[in-house]
Amino acid sequence: MGAGAAAWFVLPDLRSWAAVLLLALAVASAALAAARGGRAAVLVAVLAVAVATGLALTWARAERVAAPVLTRPAIAWLSGRVEQVEPLPARRLTRVTLTVSEWDGKDPPPTRVRVNLEAPTVPDGLARGAVIRVRARLMPPAPPAVPGAYDFARVAWFSGLGATGRGFAPVTIITPAPTDAGDIRAALTRHIEARLAGSAGGIAAALATGDIGAIDEGDANAMRRAGLAHLLSVSGLHITAAVGLVMWLTLRLLALSPRLALTGRLPLVAAAAGAVAAIGYTWLTGSQVPTIRSCVAALMVLVALVLGREALTLRLVAAGALVVLLCWPESVVGPSFQLSFAAVTAIIAFHEHPWVRAWLGEHEESRWRGVLRGAASLLLTGLLVELTLMPIAVYHFHQAGLYGAIANIVAIPLTTFVVMPAEALALLLDLVGAGAPGWWVADRALAVLLWIARTVAAAPGAVTALPVMPQAAFAAMVAGGLWLAIWRTRWRYLGLVPVVIGAVWTIATPVPDLIVTGDGRHLALRGDDGGVAILRDRTGDYVRDLLAEAGGLDGVPELLSEAPGAWCNRDLCWMERHADGRVWRVLATRSLYLVPANALISLCRRADVVVSERRLPRACRGRWLTLDRATLARTGGVRVTFATGQVATVRAAGDRHPWVNAGRYQTRKEAEGSSMLARWLSMLPVAGSKVTRP
């Protein structure tokens, strides 16, 4: 089913989607028609139907969530009901998601928007359920700035977001918010951040409510580089800790009564209490998709324990993934789904292996040998998880951590057995004003956690940066990993072949020489010395990091104006790059000021590549490639490799995914009328009619 869902994202248009859907159904029908007993034909049919189901579910969901999207930047007054309030103290911002009810802009209004408000402009009483009026500068959801970058437009489409931007003062509350769970969550976040200062308070709030806004950007980056970022997202680890703590307390408290203890029903009662804790924790932390996914898995484990079944099996992983794909099939292409299910699958498959069970299973031995065996098991499991997650991290984030396994050996037990229990105890004791000792313990433990993150992140070689991984290489590594996990015989080792092919393919992929953003304002050029230099001296941190990651650089890129082989003034940059036995000359504009036409045209004719954020004269064309406003409007961001002549673009010709063509959805009625699924059905021939090409 995941393969079918992924195929919908990879294939470009409705003809391709319809072809795969019909082909899968044809394979299923042929397999059942040719069946002569046995399981092979049934297996083929089930697999084909699953692929068709995954593709159809994704297609249908993309149509079902269709909503109006802003077509161009706009400044407008709008009114709407607050859906979500996310304080970001580290950035002195508050992020607000609104359902729009009134709009005075020229373009048709989006249904949902997300605006950032400066902290001083946020009025008292702003909470979920309130109706506010604000003036905002809004932008359409941004596509990837360069090939392989984060696709916010796709995420926004499935979230129903039609625009994002920044709001201006004053913000007027038209209708106050009712008291609800949003107030409880926000109040709890504020309470925790008041008890613990800085990033420690932000991490403590993230563990309790899922709010990460108070974590300093430097510390958040250190957590990511150290492989500890998963601790900041409420997921399986946190749900497990909450359920385990509640079950343990329930058993211990109820077992104080001999009559209850002798009934033998206390484990069932504890499991029920754990289920309530899992659901309540998920609700409290905002019910995000990763948290819901972890909650579902925890509930399935509890049901298996109640039924007396072995809980931690690959069937559990498959059932959990099936539930997620049925509800949110688009999550299959997201890093959260891939990272969490890959990690759990690797852990279970590893510990189910006969050799591992024989070596790391229970033995009659001294306590110290048992401790060493447990430590070895934890280290091997951590290394396996790091190796499993490395291709996913490289594919999505263009970098992979090397010391995450070692850092997690300390960080996970510290968080699970010290930080979370101390924080829970402190919150309980705060009801009677006696939570100071618990907060002190949590603060000390979080200081250790941050020290680990900063130390590991600053270690030489902590992160390896790689350029964009080819999709086919990533698919090969995923397929090989699944083959290794599923098979139980020696056939499983054949999965190493596609894994090795994908890894070699990724390593052999040449580093791009030139990267241009979709607006043409920014570019990064790799020099002859392997360094990456950017065009504009005054470039924001986000764009710097984006270009560095896309270029496979772990660090801060230098400036073209200071790089060897480049000559720049206020308006233009001329750069030379030696590759494939020749000199490649690149010309780029750096400002919107007009350059004398004759001089500009002369330079264009000498350059191999010309890049500009504005529309260039027709005579100003590079000898090989011209990337001006008109061209980039069709292609989006561009990645160029001189040695191979490869040019990769954000937008592919013929791409008909709805977020790429979101401008067609001006109103909800029009969105429903332009359904691609309905259009495909209308293409099917009717008896007695002529088939015409649409």
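Is Leu587 buried or exposed? Leu587 counts as buried, at 2% relative accessibility; here buried means under 20% relative accessible area, exposed means over 50%, and partly exposed lies in between (1.4 Å probe, protein chains only). Here are some notes to read beside the model.

1. **Ground rules.** This is a predicted model, in which local features need pLDDT of at least 70, side-chain atom pairs count only at pLDDT 80 or more, and totals for chains, interfaces and linings use all residues. Residues are numbered from 1 along each chain as its sequence is written, and side-chain values use heavy atoms, with hydrogens and water left out.

2. **Confidence.** The pLDDT is the predictor's confidence in each residue, from 0 to 100. For the protein the mean is 85, and 95% of the residues reach 70 or more. Confidence is highest in helix α1 (residues 2-10), at 95, and lowest in helix α23 (residues 668-673), at a mean of 42. The pLDDT is below 50 over residues 664-675, a stretch with 25 contacts beyond near neighbours in sequence; a contact means heavy atoms within 4.5 Å. Residues 680-694 also stay under 50, and the model has 11 contacts for them beyond four places in sequence. Where pLDDT is low, the predicted coordinates should not be read in detail.

3. **Around Leu587.** Back to the opening residue: Leu587 has its place in strand β14. Helices (H or I, at least four residues) and strands (E, at least two) are DSSP runs, numbered from the N terminus. Leaving aside residues up to four places away in sequence, Leu587 touches a list of residues including Leu572, Trp574, Leu600, Leu603 and Val610. Ala52, by contrast, is 535 residues from Leu587 in sequence and 48 Å from it in space, C-alpha to C-alpha.

4. **A sheet to trace.** Two strands pair if DSSP finds at least two bridges between them. Strands β9 and β10 pair in the antiparallel sense over 3 bridges, and Leu525 stands opposite Ala533 in β10.

5. Strands β17 (residues 638-641) and β18 (residues 646-649) run antiparallel and are joined by 4 bridges. Thr641 has Gln646 in β18 as its bridge partner. The hairpin has 4 residues between the strands, and Gly645 takes a positive phi near 70°.

6. **Salt bridges at Arg577.** The structure holds 16 salt bridges, each being a side-chain nitrogen of Lys or Arg within 4 Å of a carboxyl oxygen of Asp or Glu. One of them joins the side chains of Arg577 and Asp513 (2.8 Å, N to O). Arg577 lies in strand β13 (residues 572-579) and Asp513 in the loop between α19 (496-508) and β8 (514-516), so this pair ties together parts 64 residues apart in sequence. Both residues, Arg577 and Asp513, are buried. Asp528 also meets Arg577 in a salt bridge (3.2 Å, N to O). Asp528 lies in the loop between β9 (523-526) and β10 (532-534), so its pair with Arg577 ties together parts 49 residues apart in sequence. Asp528 is partly exposed, at 47% relative accessibility.

7. **Another salt bridge.** Asp537 and Arg590 form a salt bridge, with their closest N and O atoms 3.1 Å apart. Asp537 is partly exposed at 35% relative accessibility, whereas Arg590 is buried at 12%.

8. **Aromatic rings.** Rings of Phe, Tyr and Trp (its six-membered ring) pair if their centres lie within 6.5 Å; planes under 30 degrees apart count as stacked, over 60 as edge-to-face and the rest as tilted. By this rule the count comes to 14 aromatic pairs. Trp8 and Phe9 make an edge-to-face pair, 5.2 Å centre to centre with 90° between the planes. Trp8 is buried at a relative accessible area of 0%, and Phe9 is buried at 11%. Ring pairs link Trp8, Phe9, Trp17, Trp59, Phe158 and Trp659 into a cluster.

9. **Charges over rings.** A charge sits over a ring if NZ of Lys or CZ of Arg is within 6 Å of the ring centre and within 35 degrees of the ring normal. Arg582 lies over the face of Trp584, 3.9 Å from the ring centre. The charged end of Arg606 sits over the ring of Trp574, 5.1 Å from its centre.
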